Amino acid sequence: MRPNGFAGSLSPRVALVAALSVALFALACREKATTGTAEAVQASVKPRTLALKSTRATALSPTLPPDIPGGAPTATLADAAAFAWQEFFALNWPAVAQTGQVGTRGVADGGRPFGDPTYTGPLVWETYRSKVEIFPGNGEPPGYVQNAANAYGFDAAPAYNYLRSVPPCSGQKAEAPPFVNLDEVTQIGLDTMYAGIVPPAPTATNSDPQRIRFLAKANRDQYAYVAANGYWNHGGNYYAAVNAFTNAIKTNQVAPANTTIFFPAGTVEVKAGWRMLAPSEDPTHFHTQTVRYYEKAGTGGTSPTPCYRDAIWGLVALHIIHKTPTAPTFIFATFEQADNIRAANGTPVEDANGNITHPPPAGTQPTSPYPTYTDGYNAGAHQQDPSVTIGSQPFCDNHGSQIFYKNLAPGLPRGKAPDDAVCINARYFSIPSDVITANSQAHQMLAAAGAGGPWQYYKLVNVQWRPFNPGDINPDPNSPDNVATFSLANIVVETNSTLQAFQGALIANGPDTGVKTSYNNAGGTFNNIHVVAGTQYNAFNMGGCMGCHGNAQVAGADFSFILNIGGVFFPEYPEPVLDATRTTRYLKGLQSH
Amino acid sequence: MATIYKIHPAIGVARIGTSSQFYIAPDTGGGLPTDPVTGQPVTSFRDSTGDLLKQAQRFRVFSYDDTNPNDPGTEVTAGSGGVAAIEWTVYLANKKACWYQFEQLTGSGMEGDEGYLGNGQGTGPGMNPLRNMGITDPAARQALIIDPGPRTIGGNGNPTSADFNVSGAFSDPAQTQPYPITTLGSIQLDANGNLLVLAGNGSSGTTNLKPADPNLPPVYEYALTAYANNDGWFDDVSDGPVSATIVLTTGASVPVDVPAWCLGVPPKYAPQIMNQVTLFDTIYDVAVRMQNYNPELYSGGAFNPGYLVDFPNEVAPILDRANLYQWVAEIPPAGVTAHIGITQDSAAAFPFYILRAPIMPPAVQNDTNGTNLDVNLMPKLAGDNPISQFTRSKYLTLTQTQYFLVQQWVSGNVLPAGTTRPTLPPAAAIDRAALENCVGGAFCPGIEMTWICRNTSIYSQPFRIQHATNPQQGKLSQTNGDDNLYPHGVEPGDIIKYMAQPWQADFNECSNQPINPDLTTNDTSNAVTAVTFWWWPAQRPYFVYPSVDNPSGTQLPWTRGFLDDPNGTPTYSMPNVGDMQMVMNWKDMGFIVLQQTPTGPQYLEVERNTPAITNYQPPLLPPMSAAAAVTLTRPTGRIAPRAVRRARQIPSGK
């Protein structure tokens with residue numbers, strides 16, 4: 001049996017990536033001639049009008065929208081985009097004063113306008129709990145009290161309790177922890193990500209200035225659910241609940257209520273990418289904030305230790321995943337700073353709305369080199385057997401101002417020289433015009449309210465609001481089932497070939513670690529999403545963020561990798577010795593499929 | 001040259017069964033037992049009638065040149081090499097009922113504990129009451145020892161087999177229900193004159209036929225009340241010395257110089273899945289650190305930081321074990337993947353930080369300093385005492401020696417590629433294998449042997465239990481070792497006396513354990529803050545993959561269908577109802593065995609007598625009349641798993 005959505009003799013991944021990614025890249029550049037499969041796709045595009053979408057104006061509100069109006073199942077791409085912007089407004093609103101008192105973290109200050117230029121404090125989402133505050137490496141969550149009325153101490157001041165306490169770096173004054181805690185330095189262990197526009201030479205306070213660093217946070221609803229059930233250290237009935245779900249999807253019989261892990265509607269997780277800004281960049285084009293990041297302290301070897309530094313950096317990416325009453329598989333929206341994708345000479349490829357204004361030369365692939373992916377299954381060994389190769393293509397060592405990544409995972413192409421990288425020329429799947437329109441509308445709204453500030457330089461990339469199978473991808477780029485939505489990815493958070501066109505399972509062991517596959521370990525389709533339908537589940541092999549997080553659902557953790565992985569033992573920091581181990585650190589959160 | 005004779009294994013392990021037939025204990029760690037006729041790995045754990053086969057432990061004599069410390073030994077067999085016969089003497093006994101109550105680490109001598117004698121026999125905090133304390137007459141207490149006396153077979157004028165049949169209150173069917181204790185096993189010779197020790201039948205019963213609580217319905221009348229101490233109860237596990245005399249063709253007799261010991265203990269239901277810490281690991285750790293067993297590795301009170309590890313033989317086996325726990329416990333998918341990962345990690349990639357560092361001795365884990373006590377660390381196995389407030393030891397760790405070996409590997413202190421340390425000679429390998437198939441922790445109390453294995457006073461030399469001189473039937477000591485010292489040696493029944501009474505109660509309850517991460521208490525009344533750890537699922541499986549009646553391939557409780565089924569509805573919510581069921585159904589449980597399936601190798605549950613489990617009715621024993629019995633209604637439906645997680649029952653006063 002072959003995975004969903006593939007037919008014929010071509011390798012399924014070759015078919016999808018080669019045909020659809022090239023097709024959509026071409027579609028975004030409407031003036032370009034298209035050929036072959038791309039031509040066929042474009043021919044099927046239905047004409048659309050902007051008038052339809054002009055009726056979906058969004059309001060500048062500090063209220064997190066509870067759901068897509070009318071419900072997720074029937075929403076259009078424009079509906080979902082409008083919802084995503086409502087989320088963006090609410091989450092980037094100035095937060096109320098952070099006093100540690102009940103009802104302060106994650107709460108917007110309605111008395112301030114969005115984008116208040118006089119406000120330098122944390123934004124609503126920034127006051128969410130960092131993953132280590134929910135899943136500490138040591139002890140209980142900081143401020144934990146067994147009191148649901150107080151949300152189990154959610155509002156306590158930030159404290160980052162890793163397995164061992166982390167001191168300030170040499171020359172860094174000991175400070176109270178800022179809300180933005182960048183304790184990830186890889187793209188879920190698969191690769192490291194860089195911004196070429198930043199000068200590469202280490203500074204006195206940053207050993208790897210080009211490196212983009214990340215955080216993951218969650219809101220009050222998720223924290224309270226975790227705390228109420230004792231899941232922060234995989235306690236309570238965590239194992240039984242995971243077992244109940246994995247058994248349930250195996251038997252395709254929905255488990256009784258409350259026997260599995262199921263976050264309440266209103267649960268939000270965010271992931272954000274931050275970096276140092278280059279002297280050549282205009283800081284007013286970025287949301288900037290004090291961040292805590294980590295560096296190597298002391299000696300190296302097998303047990304180097306971290307220390308922290310605080311600095312003001314710029315936000316380059318913001319993911320929002322939000323469970324709503326009609327979207328039990330979460331709604332995934334991702335935003336980027338406008339100028340992430342640049343040519344080597346520094347020219348942005350897209351504008352702030354996502355239009356491709358400076359397309360790469362004709363024939364340019366999305367990345368240099370551009371990996372070839374082939375899915376496969378070794379029936380004799382009962383093993384998934386995909387491959388990713390760049391053949392004889394050279395690595396991109398001269399990236400100029402481009403963003404670029406370096407793979408870490410054993411199954412992905414890795415260079416031998418330190419500078420061997422993969423440079424980003426364009427997205428695998430361009431931003432659909434309906435999303436571009438939503439961006440334009442949002443920017444106009446911000447401008448009208450005098451709230452543009454840095455926020456006019458952020459754009460929605462795409463939204464996923466319900467799962468569908470790769471075989472149901474619609475060539476219309478604005479269809480709810482368009483390929484860019486299917487493969488939702490942020491260009492600085494999910495950049496490499498696995499993540500830009502994800503679907504199926506992420507292989508977590510062996511020589512193919514870090515490669516995706518649509519096969520399960522028995523040779524059938526790996527379905528990464530399971531939606532309750534009566535007493536059974538509807539299963540999907542979804543792509544992009546939702547499909548990837550679906551791996552955490554399959555593992556029983558209801559789409560949450562931070563719950564799936566559990567205790568955060570150490571903050572990450574740039575250290576080649578440890579970089580080599582990080583793939584397995586992350587992927588061990590996944591099931592061995 | 002002087003020849004000395006040693007019996008191997010040093011500590012053998014026979015296992016109980018209901019059948020008169022048997023298989024032979026495996027000679028490799030994680031190996032299947034072997035057929036006594038063909039010598040091939042067994043394909044069934046039951047006889048043709050469905051009864052559970054016993055595991056016989058074969059003991060052999062090896063001769064050594066005592067001037068050559070590297071002599072690997074030569075096996076001595078009757079009828080060759082000038083040996084006419086081997087005369088074997090074995091003395092099995094069970095002292096559980098006249099010993100002290102098992103109170104976790106209290107009495108162990110650890111952390112300033114004064115031992116049973118010093119703690120006193122009272123029931124106050126930190127004290128050690130006796131079992132059956134209502135029986136105070138010394139003679140009556142002596143009668144609590146199941147003591148069939150020694151048996152000798154082989155050699156001149158001796159039989160070729162003998163049994164350890166017993167008499168006493170515990171053997172009277174009218175007094176002991178549901179099963180009388182009629183024997184502790186038997187011994188016989190194999191074709192080479194070697195010794196085979198067969199353990200008991202797995203019978204457990206009580207003379208205490210009075211209701212445990214007059215307010216309880218009759219169904220609970222004979223329920224066990226605690227996991228480790230139940231007055232009136234007896235079981236037929238055992239232990240004792242194994243010695244031999246070589247009868248030469250010249251007519252001379254030569255006693256073996258180094259005798260052995262045999263345990264007669266419960267089955268290992270997952271024979272191919274080794275515990276993360278085996279009994280070999282624990283006793284080896286004692287030998288290394290306290291008995292100068294491997295001075296290159298440890299001397300002068302410290303491990304040698306320059307020791308180069310033999311990765312395939314000293315480290316990889318430690319790293320490989322966790323992976324197989326997925327077949328006997330409900331390891332979440334993330335854990336399964338992580339366990340697979342560490343079997344493949346390079347030294348640089350291995351997450352050494354996730355190992356819980358052993359702090360010497362384990363009981364010192366009460367230390368409230370440092371992060372080593374974080375609940376997230378591995379292995380996720382319960383410690384010696386996560387349940388009561390005295391001498392807490394919440395979490396199991398690798399032994400200090402295991403931990404050091406892994407640490408050396410991570411640090412790059414490994415033998416040059418292509419070199420290994422010498423392999424064990426066959427006789428030493430037999431010693432090792434017997435212990436590798438046993439639980440090396442946690443000891444609360446454990447299955448085969450408890451924390452007494454960490455007490456060097458029980459040993460004459462590494463791995464060898466020191467025999468008491470000339471133990472006599474009817475005169476076995478009631479107090480030997482109550483000060484945690486065995487200067488006069490170990491008597492029959494002295495090893496097993498620490499274990500739960502009856503073993504089935506502990507066996508049923510030792511599945512998983514909620515542990516309070518708060519270092520200042522073991523109170524788990526707040527189920528939310530408790531974290532569930534496993535005990536020793538490699539020995540007593542918790543969740544398994546049945547090979548039949550499970551087309552979806554889901555993982556199910558090993559004790560599914562029990563009245564306290566973890567996935568069922570506990571209609572009988574009184575504690576220990578499942579303990580009583582284990583007394584009846586232990587013989588019906590499935591074994592977890594490696595199977596080659598269309599999707600690759602899997603360890604699946606086989607040979608389960610499910611009807612006997614699902615049709616189980618609590619025994620209605622005299623003096624209860626049939627009319628007084630309640631009719632059981634089998635529970636239906638499911639409950640939230642948390643509701644059936646219970647802390648082990650702590651005796652009142654604890």
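In chain A, four strands form an open sheet in the order 3-14-15-9, with antiparallel pairing. The edges of this sheet are strand 3 (191–195) and strand 9 (367–368) of chain A, each of which pairs on one side only. Strand 3 of chain A is connected by 5 bridges to strand 14 (residues 403–407) of chain A, and the two run antiparallel. Within this pair, A:Met193 lies opposite A:Tyr405 of strand 14. The model described here is predicted.

A further antiparallel pair in chain A consists of strand 19 (residues 529–533) and strand 20 (residues 536–540), which are joined by 5 bridges. These two strands of chain A form a hairpin with 2 residues between them. In the turn, A:Gly534 adopts a positive phi of about 70 degrees. A:Ala533 of chain A faces A:Gln536 in strand 20.

Chain A as a whole contains 13 helices and 20 strands. Of its 593 residues, 61% are buried. Among contacts in chain A between residues at least 6 apart in sequence, 72% link residues at least 24 apart. Backbone geometry in chain A includes a positive phi of about 50 degrees at A:Ala151, although this residue is not a glycine. A:Ala151 is located in the loop between helix 5 (131–134) and strand 2 (180–182) of chain A. This residue counts as buried because 21 C-beta neighbours lie inside 10 Å, the cut-off for burial being 20 or more.

Chain B comprises 10 helices and 28 strands. Buried residues account for 55% of the 654 residues in this chain. Of the contacts in chain B between residues at least 6 apart in sequence, 71% join residues at least 24 apart.

Several strands of chain B pair with strand 4. Strand 1 of chain B runs antiparallel to strand 4 and is joined to it by 6 bridges; B:Ile7 stands opposite B:Val61 of strand 4 in chain B. Strand 3 (residues 22–24) of chain B, by contrast, runs parallel to strand 4, with 3 bridges between them. In that pairing, B:Ile24 has B:Ala56 of strand 4 as its bridge partner.

Two cis peptide bonds are noted in chain B. One joins B:His8 and B:Pro9, with omega at about 0 degrees; B:Pro9 is situated in the loop between strand 1 and strand 2 of chain B. The other runs from B:Met378 to B:Pro379, with omega near 5 degrees. B:Pro379 belongs to the loop between helix 5 and strand 19 (382–385) of chain B. Most peptide bonds are trans, and most residues other than glycine have a negative phi. A positive phi of about 75 degrees occurs at B:Phe463, which is not a glycine. This residue lies in the loop between strand 21 (459–461) and strand 22 (464–465) of chain B. B:Phe463 counts as buried because it has 25 C-beta neighbours inside 10 Å.

At the interface, 41 residues of chain B are in contact with 49 residues of chain A. On the side of chain B that touches chain A, the elements giving two or more residues are helix 5 (333–344) and strand 24 (531–534) of chain B. Helix 5 of chain B gives the most to this side, with 8 residues. By class, the side of chain B that touches chain A consists of 21 nonpolar, 15 polar and 5 charged residues.

Definitions and conventions. Residues numbered from 1 in each chain as written. Chains lettered and ligands numbered in written order. Predicted model: local features only at pLDDT ≥ 70, side-chain atom pairs only at ≥ 80, totals over all residues. Pairing = 2+ DSSP bridges. Buried ≥ 20, exposed ≤ 12 C-beta atoms within 10 Å, placed from the backbone. Contact = placed C-beta atoms within 7 Å. Nonpolar A, V, L, I, M, F, W, Y, C, P; charged D, E, K, R; others polar.
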